Amino acid sequence: MNATIEELLNNQIKFEAQASIQYLAMASWADAEGYNGVAEFFYNQSEEERTHMTKLVKFVNERSGKVIVPALDAPKPAYNGLNELFEKFLESEEFVTQQINHIIFECLQHKDYNVHNFMQWYVSEQLEEEAVARTLLDKLNIIGGDKSGHYLFDRDILTIAASHEDE
C-alpha cells in the first residue's frame with residue numbers, strides 16, 4: 001500500500017472514531033435533556049460511524065497496511081440547545097466529506113484505483129449523511145424557539161431522517 005494513502009486511511013480511521021464518540025456524547029446530552037428521539041438518533045449515528053471506522057480498519061489490514069488505532073480527543077459534552085447540537089452534526093459531516101474527497105484525490109494522483117473504488121462507498125454515504133444533517137437543521141431553523149415544535153421534532157426525528165434517506 002502506498003505510504004501516503006495508508007497515512008490518509010489511518011487519519012480517516014481517527015476521524016470516523018472521533019465522530020463516533022462525539023455522536024455518543026451528543027446522544028448522552030440529548031438523553032439527559034429529555035430528548036429521547038434525538039438521543040436515539042445520535043446513538044444510531046455513533047454506531048454507524050464506529051462501523052465506518054471498522055470497515056476502514058479491516059480494509060487496511062486486508063491490503064497489508066499497518067493500522068494505527070488512534071488516541072481520541074474528548075468530545076464536546078454539552079450544548080446550548082438543539083440548534084447548536086445539529087449545527088455541530090452538520091459541521092462534523094462536512095469535515096468528514098472533505099477528508100474523504102482528499103483521499104479520493106490522492107488515490108487518483110497515486111493511481112491507486114483499488115482504494116479509490118473502495119472509497120466510493122464512503123462518497124455515497126457522505127452525500128446521504130450531509131443531506132440528513134441539513135434537512136434536520138433546516139427543520140429546527142423553521143421551528144425556531146417553539147418548545148412544542150421541539151417536542152414534535154424529538155418525537156418525529158427518526159421518521160424524518162429515515163424518510164430523507166429513502167429519497
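Mentor: On a 1 Å grid over the protein atoms alone, a pocket is an open set of points where a 1.4 Å probe fits, with protein on both sides within 12 Å along at least five of seven lines; lining residues have an atom within 4 Å of a point. This is a predicted model, where local features need pLDDT of at least 70 and side-chain atom pairs count only at pLDDT 80 or more, while totals for chains, interfaces and linings use all residues. Residues are numbered from 1 along each chain as its sequence is written, and side-chain values use heavy atoms, leaving out hydrogens and water.

The largest pocket holds about 170 Å³ of space, a volume filled by probe spheres set on the points, which are joined across faces, edges and corners. Its lining is made by F15, Q18, A19, Q22, K88, E91, S92, F95 and V96. The elements giving two or more residues to this lining are α1 and α3, and α3 supplies the largest share, 5 residues. Helices here are DSSP runs (H or I, at least four residues), numbered from the N terminus.

Now look at S92, one of the lining residues. S92 sits in helix α3, residues 82-109. With a relative accessible area of 15%, S92 is buried (under 20%, using a 1.4 Å probe and protein chains only). Leaving aside residues up to four places away in sequence, S92 touches A19 and Y23, where contact means heavy atoms within 4.5 Å. A19 also belongs to the pocket lining.

How values were computed. Buried < 20%, exposed > 50% of the residue type's maximum accessible area, 1.4 Å probe, protein only.
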